[in-house]
Amino acid sequence: IYTGNMLIDCDGEVPHNETSIAVNPNDPKHVVGAYHSYQVKFRGATAIAPVIGTVSVSTDGGENWREVVPPITPYQFTGDPALSFNADGRLYFGNIADHEGPGGSYTSPSVVVAHSDDGGFTWSNPVAVATGLGAVTKGRIARQVFQDKDFIAADAYAGSPYKNRVYVTWTSFQENPRGVAPFFRSPIQVSLSDDGNRWSGATEISGYSPFCIATLSGAPNECDLNQYSIPAIAPTGKVYVAFENFNTPAENQYMVVNSTDGGQTWGAPSRVDTVYDINYPEGVSGDSVLTGCEFRVNAAGNIATDPSDASGDTAYLVWADNRNGSEEATNVDVFLGRTTDGGATWIIYPVDTDSNDQFYPWVAVAPDGRVDVGYMDRSYSEGQTECKYGFSLTRLTFDAGGITSQSKTRVDTGLSNPGNSRWFSAATDGNGTFIGDYNGVAAGSDGTTWSLWTDQRAEVENPPSPTRKFGQHAVGSKTPAP
């Protein structure tokens, strides 16, 4: 059923989502993918499905994969998986972790990082980078700090002054009781390490900008309402962090900060562009959805630097928004921001404005500067009457004047169908409400591009029944260099 694509999990029909992928900079055949794996257990007569960040390793260019569940002691649940290799081939694995898990009262998650020195087959126990505070309950709490959406980047450049330094960023959701100022804020924070065991204290980096206008209770122009941070490292050791900001009176915005001294100090955020993501339909779960679907969506993508630019000043930021659609009929498209002056200014390019929706994009840059953007794509389905998607890869090249070539390839070999999902089904029609919040794309040193996404083409019933249900798996593709 996956002919031409790679199934990298081996957990039967439990769901898998929120994929990340990384390639060893010293061996382009050594690839590691990560994803949520829902491990069904029983507490008495009650079935629970703890989420565990899990990896699969290939050392032969994707011909064979071995699934590995890293230790999570002393935690019970991990999630939001993110992978990165350093220059020496050490692999880092970031997650959030908690002690009770979804489905009831549970502790606010912490940001944790584990590392592997044998390419992903064995792992250290996770080290706490930033701890959560309080517990999530149905009632009010005295104070809560909920660490969320971690991402990780290790400096893999041999010539960088900060070679092998690793950076983790996340959103710190901070809530005080009503009447205590500030009532709510969600700054972006960063921590760094040179050995994976000792981490610096959390530093807020989302900063202040005249473009941050609306605040709940923060200081004037404070960019304190954010989510979806991603770090990326340039050949000079310069670190970029992109995030979506919500200190706006209407549509939201993407912003980028950077550090030129190994994460010790950070500049003020630069504004990349408006993000049109408040005009989506609302699904049965109360989240933004696509027309004809029920799974939640967001605009977020990631930032990547150009390894061929020795100045460290070229970077790319990708996202998807509904500027060409409406609440009545979504038409989500993928956009790419490019900077060649270290993030001071950005030029925006459309990547894919085909019919229907293109969403959950991720960008990677090949060693020669080629830009690869992968994303889920509904242009292959029968309009918005069915909730199905494939996966596309658009490759772009640039010179000083802008885009010099652009080509789109469909890389999935079968449409995914969350419209009849076995997992996270809406009570009204069985339409799945969750497929994860991001995908993964990575470029190897040989120019090969690896894509990894949440796939739902596999039918659970065998033989199929009239009321077919579809599983949820981590599935990928390998696209050779042109």
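**Disulfides of the predicted model**

**View 1. A disulfide joins C293 to C387, with an S to S distance of 2.2 Å.** The term disulfide denotes a pair of cysteine sulfur atoms within 2.5 Å. This link connects distant parts of the chain, 94 residues apart: C293 lies in the loop between β22 (270-275) and β23 (303-305), and C387 in the loop between β28 (371-377) and β29 (390-399). Strands (E, at least two residues) are DSSP runs, numbered from the N terminus. The link of C293 and C387 is right-handed, with 115 degrees about the S-S bond. C293 is buried at a relative accessible area of 4%, and C387 is buried at 5%. Buried means under 20% relative accessible area, exposed over 50%, and partly exposed in between (1.4 Å probe, protein chains only).

The model is predicted: local features need pLDDT of at least 70, side-chain atom pairs count only at pLDDT 80 or more, and totals for chains, interfaces and linings use all residues. Residues are numbered from 1 along each chain as its sequence is written, and side-chain values use heavy atoms, with hydrogens and water left out.

**View 2. C212 and C223 form a disulfide, with their sulfur atoms 2.0 Å apart.** Both C212 and C223 lie in the loop between β18 (203-204) and β19 (226-233), eleven residues apart. With 105 degrees about the S-S bond, this link is right-handed. C212 is buried, its relative accessible area being 0%, and C223 is buried at 1%.

**View 3. The cysteine C10 is exposed.** Its relative accessible area is 55%.

**Overview. The structure holds two disulfides.** With the bonded cysteines numbered in sequence order, the pairing is 1-2, 3-4.

Conventions
Helix = DSSP H or I, 4+ residues; strand = E, 2+ residues; numbered from the N terminus.
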